Amino acid sequence: MRCVYRPASGASGCCRATASGGTTLSAGTVAYASRHFSAPTRLSRSEPPPPPLPPLPGPGATVSEERVARWCRRLWDLTRKSTGSVASAHVTPQLQLAAHRATAALLSSSSASPFTAPLQIDDNGEVTGEVVLSCLRRAIRSDQGRIPGVIVESVWAAFDVLVPPIVQNSVTEDSITPATEDSFFMFISTLNELNFDLHAVVKASTQLTAKVDSYVALLRQAEAQETQQAATAAACGSAQAAIDGCELMEKLMKTKGEVMQCCFEARNAGSPLYYTWLWHTAAMPDGLRRLMHFRKLTHFFESLCKRHIKHLMQQQQQQPQRRSLLSSSAPATGESAGTLPSAAASSATEQSRCAGELSKWRSRLVEVGLIDGAMSLLLHDLFSKEYLVMEELTWLSTPPSMLDQIMRAESVHPFVRGLEDMRHRLQPAHHRHLFAFLHPAVVEEPLIAVQVALTHGIASSVDQILGRPTPLSDPANTSKAALYFRHALESSAAVDCAGAAEDGNVNTAIFYSINSAQSALRGMDMGNRLIKRVVQEVEGNINARRQARSLTPIHTFSTLSPIPLYVKWLADKVAALAAAAATATTMTASGIFGKQLSATEEDTRYLEPLRAAIAGYVLRHPGALPAEARAVMSAAAASSHGNHAAANIAALQYLVRLLQDSSSPPSLPRDDPAMFAAGSTSTERHQQPWWMDHAFTMALEAPLLHSVATYLCTAKRSGDGRIRDPVGNFHVSNGATVYRLNFLANTTPKASCESACIMVNYWYDLPTVSANAAQYEVSRTVPLGEPIKTLLGDI
């Protein structure tokens with residue numbers, strides 16, 4: 001059979017096959033050729049859709065041809081299906097342009113062609129099928145895995161038909177329609193059709209194994225030769241031994257080069273076509289941004305797959321219960337005998353449907369995961385530290401669009417008042433700095449940003465850094481945290497050197513917020529790199545400017561970080577304690593304040609003061625959580641006989657709800673002292689969140705801090721033994737020391753719901769950072785500072 005290719009001027013305007021001797025060519029390959037090697041394109045909206053393509057080639061076709069044909073056919077089918085709809089018709093000219101460019105680049109002349117021989121055209125003006133196949137295979141899998149840029153663009157044009165660019169640029173639940181969802185997964189499935197060539201991988205790995213064995217044998221020979229030379233050095237001359245050693249060294253170097261060559265060949269053979277396509281996309285104009293948007297899509301659909309799988313598995317687990325209820329309720333309700341088989345058939349149909357859907361979404365998850373894994377490898381290379389540029393963003397010099405991206409990406413301390421908050425955080429003259437990583441290919445988009453405050457000593461309140469009111473500044477608050485806070489303010493006012501008064505006597509750099517502005521770059525470990533670069537900037541340029549003004553240099557680096565999963569951990573512990581108390585006859589330790597404490601010690605040292613603090617808060621604020629308040633009072637009345645288990649559980653449940661359901665604070669000016677006035681009325685106190693009640697916070701401080709320290713330093717992940725808290729694991733992995741907990745450091749509803757308004761300092765002690773990181777990786781040992789060691793005590 002000879003497959004011929006007729007230009008668009010023919011009557012039918014499509015490819016036709018004629019019987020003749022020669023190579024069998026797949027219809028999918030012909031369809032792909034008609035897209036890339038015809039002029040004009042076959043995707044014109046004025047023409048009716050082409051007929052369905054014949055089946056794929058039989059076993060007589062070569063492996064490479066069959067794999068290429070399948071991939072081309074699938075991509076053609078998807079694009080043809082999508083361009084037949086009105087919704088995507090406006091994107092078709094883009095695909096036409098890509099096809100015209102591919103035609104011009106690949107068929108213009110023999111000199112521009114990737115082949116040594118010119119194209120063979122018969123008397124009827126037809127290109128023979130053998131040449132079309134050769135062009136196609138060389139274009140897709142040419143020398144050293146290169147793909148022409150026009151074909152890369154054509155594949156992206158097909159993707160733009162399937163998933164509109166407006167969806168790619170802004171991925172939300174509302175923008176993804178069922179049709180877009182199906183088109184995306186079909187495109188991903190098409191990409192996975194043509195992965196690596198197994199035969200080429202086997203061949204390359206066999207060659208690599210042989211070369212490695214040869215290299216190892218030569219190394220052993222060299223070692224034996226050295227031993228022999230050392231033994232006979234005194235008996236015979238060393239001239240011949242030196243000659244033999246040089247010859248063996250030449251063989252070693254030659255074999256080493258062959259091993260490296262085989263490694264590269266094995267890597268190229270094992271690279272799927274979609275990886276090569278992604279790699280060449282990065283070289284396109286604006287290609288890196290396309291890759292980042294594409295990975296955002298893969299992240300979205302990966303999470304969608306996981307949600308569907310979780311929902312379907314829950315349905316499967318509920319089906320046996322439904323069948324059991326159906327069979328048990330039938331005799332009681334007097335249903336007829338014919339109703340049960342019908343219900344059983346319906347249940348079996350539902351079970352089959354659920355199993356089919358579960359299989360579909362699991363398959364989709366695997367396919368998306370393969371593409372995401374390839375993109376992760378690629379982006380790790382493209383965004384390596386050599387290509388990252390750190391810049392300080394300022395109010396006057398930074399484009400507003402970049403500042404807007406930073407504001408939208410901020411998740412730790414949101415910019416509640418918009419640009420006013422941003423301006424406050426961009427004041428180098430007042431020791432507020434914002435640094436970001438940029439990439440030369442997407443220079444207008446920040447990748448990750450860190451906010452830095454220069455302070456006197458290690459800061460204990462982010463409210464003060466951000467210019468918000470803090471209960472720690474109220475003289476009526478005599479808690480340890482408040483006393484330390486006010487003492488630190490007095491110390492910073494002391495003048496150590498000339499000019500230090502107006503400078504604030506700063507000597508410490510505090511990293512108080514770090515956020516990734518690009519979700520496509522998750523898992524890239526940019527935060528660690530950015531912190532190190534900022535430390536270099538502070539020790540170099542900022543300290544040089546300070547020393548020129550005879551100011552104290554900055555040599556202390558610390559964070560002021562949230563503890564985002566503490567309240568969730570506390571809620572799980574309280575729920576487990578309540579479940580255990582339902583069957584237990586004696587009071588058991590909760591483990592919330594440390595595993596080494598007995599039930600009696602825990603109750604005496606922590607739970608009894610906590611019960612008293614909760615009871616006092618309920619009396620002062622009867623309108624706050626009324627149902628939980630009644631449970632607290634009832635349990636306290638019933639525990640008069642010495643068994644405080646029920647009272648402890650009620651108090652802990654009230655505390656968890658209070659932390660999770662804190663109301664927003666009143667809208668008052670930044671420095672309005674009336675917010676923390678001790679003589680406020682009962683109505684005002686009812687509207688205030690819990691951290692404004694000084695009596696309650698002073699009683700809550702010791703047990704809550706001890707509980708947080710227990711969670712932060714002893715709660716580990718079951719799989720790898722790392723710190724359970726994600727922020728803590730990040731900083732300790734980088735070599736930081738868990739230095740100090742700060743009570744009422746962040747008094748916002750979100751902070752209350754996540755970390756009980758407590759923040760932690762991770763101290764980057766530069767001489768010990770590397771040793772701490774290595775120790776944590778090997779033995780999971782968490783380095784602790786003196787303040788938190790004192791707090792932990794006997795844990």
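This is a predicted model: local features need pLDDT of at least 70, side-chain atom pairs count only at pLDDT 80 or more; totals for chains, interfaces and linings use all residues.
A pair of aromatic rings is described by the distance of the centres and the angle of the planes. The structure holds 23 aromatic pairs. Phenylalanine 187 and tryptophan 277 are both buried.

Tryptophan 277 also forms an edge-to-face pair with phenylalanine 294, for which the centres are 6.1 Å apart and the planes stand at 80°. Here again distant parts of the chain are linked, with tryptophan 277 in helix α10 and phenylalanine 294 in helix α11 (residues 287–333), 17 residues apart. Tryptophan 277 and phenylalanine 294 are both buried. Phe187, Trp277 and Phe294 are among the members of one aromatic cluster, which also includes Trp156, Phe159, Phe184 and Trp361.

Charged side chains also lie over aromatic rings. The charged end of arginine 425 is placed over the ring of phenylalanine 415, at 4.0 Å from the ring's centre, while arginine 780 lies over the face of tyrosine 776, at 5.8 Å from the ring centre.

As for the cysteines, the count of disulfides comes to 0. Cysteine 354 counts as buried because its relative accessibility is 0%, and cysteine 713 likewise counts as buried because its relative accessibility is 11%, buried meaning under 20%.

Key. Residues are numbered from 1 along each chain as its sequence is written. Side-chain values use heavy atoms; hydrogens and water are left out. A disulfide is a pair of cysteine sulfur atoms within 2.5 Å. Buried means under 20% relative accessible area, exposed over 50%, partly exposed in between (1.4 Å probe, protein chains only). Rings of Phe, Tyr and Trp (its six-membered ring) pair if their centres lie within 6.5 Å; planes under 30 degrees apart count as stacked, over 60 as edge-to-face and the rest as tilted. Helices (H or I, at least four residues) and strands (E, at least two) are DSSP runs, numbered from the N terminus. A charge sits over a ring if NZ of Lys or CZ of Arg is within 6 Å of the ring centre and within 35 degrees of the ring normal.
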